[in-house]
Amino acid sequence: MQYPPIVDLHTHSTASDGTYTPAEAAELAKKAGLSAIALTDHDTIDGLKEFQEAGKALGIETIAGIEFAALWDRYHRPEIHIVGLGIDPECPLLLERMKDIQKIRDDRNHKMCEKLSSIGLHMTFEELADNAGGDIITRAHFANVLLQKGHIRKKEDAFSRYISPGLPGYVEREFLTPALCIETIKKAGGAAVLAHPTLYGLNMEQLEELCRELIPYGLDGIECQYSTYSPQETKAITALAEKLDLLPSGGSDFHGKNKPLIHMGSGKGNLSIPYAFWEELKKRTK
């Protein structure tokens, strides 16, 4: 019996906050029997060359992607994520935007180092960079360094005591606007997809309002399949996509050992994302 081809359109590597290299991500996808995989690291395209070269050698379709973070300035001002699929990593506007984001991140991380050191939790930016192993430093890397230096007993303590909003080591992050994120994706030839919409603390009416605001900017799709969705949520998001004429997308949000219960392609065992999702989204790329 031949099974229909399946894909994973939302994964991460060591280029951001995953634990497998871009090449290893492509290898895992091949082993998992996927017909295509997108690498969508947070605010970076640094892993895409290695990823696509590995995919070519393995004979698996690799999709150049990115996951942008933005702030929606309504209700409780949620952080939303917009995935770009099928982007051109050499697009000049995209490369310029990467420089802007890197500067914003570096400034914030330096400030967080200073705040933590000022309360006796001494660390340097260089220690953080070494732990991250790349340009993208996240709060998970702060937690790793705090643990390694014996300032906390477990990683969760970093978030509950020091580096979450309102706590002494936290510095608020600057974000691109949703319009700017989608514009960048479209200029880079990609399809723009609203990622994991159930995670923003919005009800369905508010989520529809968000989508209606993003559609004129160029939003193409929404993740209708995702690792943490309940069957009811999958049904509701799929119905919303149909109502608003958005293309369905889906992904595991695989991070390797940083999210050990989530497996590439299958998520928590609840995913089987058809290649047809990517087939339709691909028509929106250029």
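1. A residue counts as buried under 20% relative accessible area, as exposed over 50%, and as partly exposed in between. The model is predicted, and the points below apply these cut-offs to it. P92 has a relative accessible area of 66%, so this residue is exposed. P92 is found in helix α3, which covers residues 92–118.

2. Which residues does Q102 contact, once neighbours within four places in sequence are left aside? They are D135 and I136.

3. L176 sits in the loop between α6 (155–161) and α7 (178–187). Is L176 buried or exposed? With a relative accessible area of 12%, L176 is buried. Not counting residues up to four places away in sequence, L176 touches F68, A69, A70, L71, R97, I101 and C181. From L176 to L94 the C-alpha distance is 13 Å, and the two are 82 residues apart in sequence.

4. R153 is another loop residue, placed between α5 and α6. Its relative accessibility is 83%, so R153 counts as exposed.

5. K283 is in the segment after α10 (275–282). With a relative accessible area of 61%, K283 is exposed. K283 and G86 are 197 residues apart along the chain, and their C-alpha atoms are separated by 10.0 Å.

6. Most residues other than glycine have a negative phi. D43, which is not a glycine, has a positive phi near 55°. D43 lies in the loop between β2 (36–39) and α2 (48–58). At 4% relative accessibility, D43 counts as buried.

7. The other angle belongs to Y75. Its phi is positive, about 50°, and Y75 is not a glycine either. Y75 is placed in the loop between β3 (61–71) and β4 (79–85). How exposed is Y75 in terms of relative accessible area? The value is 47%, so Y75 is partly exposed.

8. The next point is a helix pair. Two packed helices are described by the angle between their axes and the distance between the axes. For helix α4 (residues 125–132) and helix α5 (residues 139–148), the axes come within 9 Å and cross at roughly 110°. That makes α4 roughly perpendicular to α5, because angles of 65 to 115 degrees count as roughly perpendicular.

9. Which residues form the contact between these two helices? On the α4 side they are E127, L128, N131 and A132, and on the α5 side H141, F142, N144, V145 and Q148. By class, the residues of the contact of α4 with α5 are four nonpolar, four polar and one charged.

10. The remaining points concern the chain as a whole. The chain has ten helices and eight strands. A compact globule of 286 residues would have a radius of gyration near 19 Å; the chain has 19 Å, so the value agrees with that expectation. Along the principal axes, the C-alpha atoms fill a box of roughly 60 × 45 × 40 Å.

11. Of the 286 residues in the chain, 52% are buried. The accessible surface comes to about 13,300 Å², and carbon and sulfur atoms account for 52% of that surface. Among contacts with a separation of 6 or more, 73% join residues 24 or more positions apart.

Terms used: Residues are numbered from 1 along each chain as its sequence is written. This is a predicted model: local features need pLDDT of at least 70, side-chain atom pairs count only at pLDDT 80 or more; totals for chains, interfaces and linings use all residues. Side-chain values use heavy atoms; hydrogens and water are left out. Axes are lines fitted to C-alpha atoms, for helices over the stretch in contact, and angles run from 0 to 180 degrees between N-to-C directions. Helices (H or I, at least four residues) and strands (E, at least two) are DSSP runs, numbered from the N terminus. Angles under 35 degrees count as roughly parallel, over 145 as roughly antiparallel, 65 to 115 as roughly perpendicular and the rest as oblique. Contact means heavy atoms within 4.5 Å. Ala, Val, Leu, Ile, Met, Phe, Trp, Tyr, Cys and Pro count as nonpolar, Asp, Glu, Lys and Arg as charged, and the others, Gly among them, as polar. The radius of gyration is taken over C-alpha atoms; the globule rule is 2.2 Å times the number of residues to the power 0.38. Buried means under 20% relative accessible area, exposed over 50%, partly exposed in between (1.4 Å probe, protein chains only). Accessible areas come from the Shrake-Rupley method with a 1.4 Å probe; for residues, only the protein chains shown count as cover.
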